[in-house]
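Dear colleague,

Please find the structure below, followed by a summary of what was found in it. I would be grateful if you would read the two together.

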Protein chains: 2
Amino acid sequence: MVKDTKKAEASLESLQRIFTVPEAPNSTLGSIEQAISQNLNRFLQDHIAATDSSLSDIEQDFSDPCIPEQPTFVSDHTEFLLDKVVAQSVHTSSPRFIGHMTSALPYFLMPLSKIMIGLNQNTVKIETSKAFTPLERQVLGMLHNLIYGCSKDFYQSCMHSAHHSLGAFCSGGTIANITALWVARNSALKASHGFKGVAEEGIFRAMKHYGYEDLAILVSERGHYSLKKAADVLGIGRESLIAIPTDEHNRICLDKLQDKIDDLKARNIKPFALVGVAGTTETGNIDPLEAMADIAEHEGIHFHVDAAWGGASLMSSNQRPKLRGIERADSVTIDAHKQLYVPMGAGMVIFKDPTLVSAIEHHADYILRKGSKDLGSHTLEGSRSGMAMLLFASLNIIGRQGYELLIDQSVDKARYFAELIQAQSDFELITEPELCLLTYRFVPELVQNALKKANQEEFEQLHALLNDLTIFIQKRQREAGNTFVSRTTLKPEKFARRATSVFRVVLANPLTTHDILQEVLDEHRDIAAQSTIALPQLNALADRILSTPKR
Amino acid sequence: MVKDTKKAEASLESLQRIFTVPEAPNSTLGSIEQAISQNLNRFLQDHIAATDSSLSDIEQDFSDPCIPEQPTFVSDHTEFLLDKVVAQSVHTSSPRFIGHMTSALPYFLMPLSKIMIGLNQNTVKIETSKAFTPLERQVLGMLHNLIYGCSKDFYQSCMHSAHHSLGAFCSGGTIANITALWVARNSALKASHGFKGVAEEGIFRAMKHYGYEDLAILVSERGHYSLKKAADVLGIGRESLIAIPTDEHNRICLDKLQDKIDDLKARNIKPFALVGVAGTTETGNIDPLEAMADIAEHEGIHFHVDAAWGGASLMSSNQRPKLRGIERADSVTIDAHKQLYVPMGAGMVIFKDPTLVSAIEHHADYILRKGSKDLGSHTLEGSRSGMAMLLFASLNIIGRQGYELLIDQSVDKARYFAELIQAQSDFELITEPELCLLTYRFVPELVQNALKKANQEEFEQLHALLNDLTIFIQKRQREAGNTFVSRTTLKPEKFARRATSVFRVVLANPLTTHDILQEVLDEHRDIAAQSTIALPQLNALADRILSTPKR
C-alpha cells in the first residue's frame, strides 16, 4: 500500500509487501516516519494544553461506522492522522497541562518504544517472549526490593523461580488493585475441610461454608474509584467497600477504622482486606500506613496499599519517610505510567510473600503448563505486551538518584505553588501538598469578607455560587487550551463537609516553571471576570451581606 | 543523559533535558534511533524463530534486584537492550514462527505507533485524550457494524452518545471475556424489589434474594482458559463454568448442552451465560452459533461469543458464513492483536445492545462524571493507552478487501498444509483446519502399522510413547530456533478420548511459504531421528507387535 501511484489496490502481493521490512533507507515509509517525527516534535514543543476545537466538531471526523472497503495509502492516512488525531489531541506532556497524573515522557522512550512495538512479544508465555520474561521478572524484583528491601538470597531464590511470583505487571492501577483484592479474597475464603475454596466453588458456597453474614473491604473515603469497581467485579458488592471517614488531612481516622472493624466482627461480617492509600487521587495525601499495618496484623486482615500514584516517591530518600509502613503491606499497587514517567499501560501489583499469588494460579494445556515460568499463570490479563521493557530502560537510564531529583523537584514545586496561592488575596488553598498534588479555588476578596459575616443560609448560597464559578472557570480554561487544571469535589472539614468544587493540580512535569504557575492563576482570574452569571451574583450577594448592619 | 562525555550525572538540568524535544535532526538521540531501527530491521529480516540461548543463561543477565543508583547513558543502555533483549527475543513475526496467534505486523505500524507513544493519551477520560475518544468510539462502531450491521440511524444515535456504549476496548481477550461475563452476571442478578442488584450488594445477598442454589456459565470443553479465570474473579467459582462435551469436530454438542440446561434448572441453578467459541484456541473450530443463539434466546440466557481469534474472519465474505449466528450474540470478544494484525494489547468486547453496559457503569467526582462521554465509565480497566488508533489506521490502510485477502490466504495455506501432512506417510493430521489453525503429529509408518494390530495395552504404550516423542520434537525444535510450532494436549474421539500430544500451527503470517511448511515437516522428522529414548522404544515395541503372529 506504500506506493507512489495514486490508486491503492489490494492484491496479495502488495499485502505481503506491507509485512516486509523496507530495504531502502530512503523508502516511502522512511519519509513518512520522518514526517511523523517532525510533526510530533512540533506538537510536543507547542506548549499549549490543547487546541480549542469542540468535541462535537471532532466527532464529525469520526462518524462513519463502515470499515472502508478499499485500502488507503499509508501516506494519505498519515496525513489524516496528523490533521485529525495529533492536532486534536491533548498535550499531556505540556508543562502547562498540570491537571492530571499523565505527564511528560523522557524523550529517549520514543526510539526505545520501537523495540517494544517492533518485537511484538507476548509476555503471557516464554514461547512468545523469551528475554522479555526474565526482564519483566527483574523489574518486578526491583520494585519489590524498592518497597520491601529483602535479602539478596531472597531475590536470588524467588525472582526467576517457577513457583514464586513477586508481583504482576498489568495495564494499570485498576487491574493491579483488582488483582490484589482477588488474591486477598481467595486467601480469606481458601479451601478448608469439605470446601475447595472460593476460586473453585464461588462466593455463595464459600459464605455458607465459613458461616459469615457478609464480607467487607475497608478503605478511607478518599479511596480510588477502582476499588468500588473491584468490589463489584469480585462479587463482594460496592456496599461492602466500607468508606472510613478521614481527618482534616484526608487521612483515614484510625479510631473510626477500629470501631468499624469491631462493629463488623460483632455482626459476623468478615473484613478481609484493608486498603491504605499512598497518595489519594483527589488530594494527594498518604494514610498512616504504619498504624494501619498494626491494625491489619492484629486483626489478621490482608493489608493492601494503593500507591498507584505515590509509590514512585519511594525513589526519593527525602520523600520515602512519608510512606513509612508500606514495607509491611501484603500487596502494593504502583503505576509506572504516573510518576515513574513511562507511557500509558504500565501498572504493577507487588506481593510481599511470593507464594501469595498461588491463590489465583491458573493453568492450561496449551499454555501456562504447570512448573513453567510463564508469567501468564499469575496475572488477571492473558496476552500482554512487553511494556516492562520501557520501565526497565527508564530505571536504568534515569537511575534511582535521577528519580529522586525528579520527585523532589515536583514536591518543591507544589510547595512553591501552595505558597503562591496563599500569597494571593483572591485565592484559597483547600488542601496542602503532601507530595506534588494540591487543590485550591478562586474566591474574590469581597466574597471572602462576606463569607465571614454571612448567616448559614447566605453562606450556603455563597458556597453554591463559588462552586458554580469554579466549574465555569475550569471548563472555560480547558476549552481555551492555554493551560489546564482539573477539578474535583471535596467535602472539607472546614466547610462543615459541604460539597466543594476545587481546582486540582499535579506538578509532576519537570518543565513546568514558576512563571507558568503564575500564568495559571492569572488565567483563572481573567476567566472569572468573564463570568456573566456566577460572579455578578456572588458580588451582588456579597455586597448585600456586607452592607447589612451586623446582626 | 544523552551526552558525549563518558560519565552520566543526575542533575535537575540534565533531567529536564531528557524531557525536552531534541532540536537538532542529527542529535545523539537521532543516531540512537537510527541504530535501533537498523538493528530491528536486521532482526525482523532474520527469518529464524529464535536464537538457541537457554532461559537460564538469559536469566543471568536479568538477575540484579537493585535499581541502579546512578543514571546510564541512553546509548550504553540501548546497546544492552539490543544485545540482551532484542537478540534474545522470539521472532514472533518470522514466517517460520507458526506456533502461536502472535504473528507479523504490517511494517507501517512502526512509524504510526510513534504517534501513540509520543502523544501518551489516556483514554479513560476526554480531558486526557480528546480526539482519541471519538476515534475509539468509531473503531468500536466499525466492529459493531461488522458483527451486527445495524442501521445508519442506529450508529448515528449511539456511536458518540454519552448514554450508550457499543463496547469496550481493552488490553486483550481475557479482559474482554471477563467484561462480557461481568455484564451478564450483573444483568442476571439485577436490582429488583427490595434488592439493589449484585453490583451493590454482592453475590451472597443476590443469591439469597433470588433464591437460586447456584449460578452457571456454559461453554464447550474447548473454551479458552480465560473463562475459568473469569468464573473465579467474578465470584462464580471455576466449578460453575460447566464444560459441555464436543463432537468429533470440537464443536459443542447441542443435545448435551440442552440436557445440561434442563438439569441445572431442575436443580434450581441459574445458567446466566452461554459462551459460543468462534475459533477454539487449540483446534480453531467454530461452535454452531446459530443453534446456540436459539437455545440462549429460548432460555433467556446471555449469549456471548468468544471470537478473540476467529472474529477477524468476519472481514472475509468467504469465511463469514462459518460464523453464522454471531450477529445474534449479546456480546462478542475480538482481539485485534490476533488476525487483525495490530500490536499486542488490543482486545475488544462489543455489545449488541448499547445500553447493556449500564450494568457495570461507574462514576467518580474527579473523573467520569455522570453524563460525560468518558470511555472509562464502562471499562474494567481505568487509565488506558490510545491503542485503538493503531487498529483505526490498519482498518483504513488495509481496508476490508485487504483483510479479506489476508484471511483467505491464511485459510488456503492451512488447507494446503493439511493436504501436505496427509500426503506424508509418517505424519497424521489430528484436526482439520476450519480457519488457519490445525493440529497433527509425527507417527513413523512402522508405528502406524503396529497401532492397527496392537491390543489395548500395546496401544496405550504406543500412544504414550508417541506423546513423549511429540513433546521431545517440539521442545528440541523450539530450542534449535529454526522453526517453531506449538503443542497442546487433545482428547480426540478417534483415540477414545485418550490424552494426545499434538503439534499446533497457526498460519496467519502472509510470508509463510509452502517451502517453509515442507521444511517444518522435514525438521520434525530429523529431530525425531535424534530421539534416543522415545523413538527407539517405539520402534522396538512396533517391531514386537508386528512380529507377533495374529492373535
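A residue is called buried when its relative accessible area is under 20%, exposed when this is over 50%, and partly exposed in between (1.4 Å probe, protein chains only). This is a predicted model, in which local features need pLDDT of at least 70 and side-chain atom pairs count only at pLDDT 80 or more, while totals for chains, interfaces and linings use all residues. Residues are numbered from 1 along each chain as its sequence is written, chains are lettered from A and ligands numbered from 1 in the order in which they are written, and side-chain values use heavy atoms, with hydrogens and water left out.

**One residue of chain B**

B:Lys413 counts as buried, at 7% relative accessibility. This lysine is found in helix H13 (residues 388–423) of chain B; helices (H or I, at least four residues) and strands (E, at least two) are DSSP runs, numbered from the N terminus. Contact means heavy atoms within 4.5 Å. Residues up to four places away in sequence aside, B:Lys413 touches B:Leu507, B:Asn509, B:Pro510, B:Leu511, B:Thr512, B:His514 and B:Leu517. B:Leu507 is 94 residues away along the chain, yet its C-alpha atom and that of B:Lys413 are separated by 6.9 Å. The side chain of B:Lys413 also reaches the backbone oxygen of B:Thr512, at 2.9 Å.

**The interface**

Chain A and chain B are in contact through 177 residues of chain A and 177 residues of chain B. The area buried between them is about 15,700 Å², with carbon and sulfur atoms giving 63% of it; buried area is the accessible area (1.4 Å probe) that two parts lose on being put together, summed over both. The rule finds 18 salt bridges across this interface, a salt bridge being a side-chain nitrogen of Lys or Arg within 4 Å of a carboxyl oxygen of Asp or Glu. B:Lys196 forms a salt bridge with A:Glu239, where the closest N and O atoms are 2.2 Å apart. On the side of chain A that touches chain B, helix H13 (residues 388–423) of chain A gives the most, with 14 residues.

**Chain A**

An automatic or database domain assignment gives the domain bounds: domain 1 (12–89), domain 2 (121–384) and domain 3 (402–547) of chain A. The C-alpha centres of domain 1 and domain 2 of chain A lie 39 Å apart. A:Thr133 has its place in helix H6 (residues 132–148) of chain A and is buried, with a relative accessible area of 1%. Apart from neighbours within four places in sequence, A:Thr133 is in contact with A:Ile126, A:Lys373 and A:Leu375.

With kind regards

Conventions: Polar contact = N/O pair within 3.5 Å; in protein donor to acceptor, adjacent residues only side chain to side chain.
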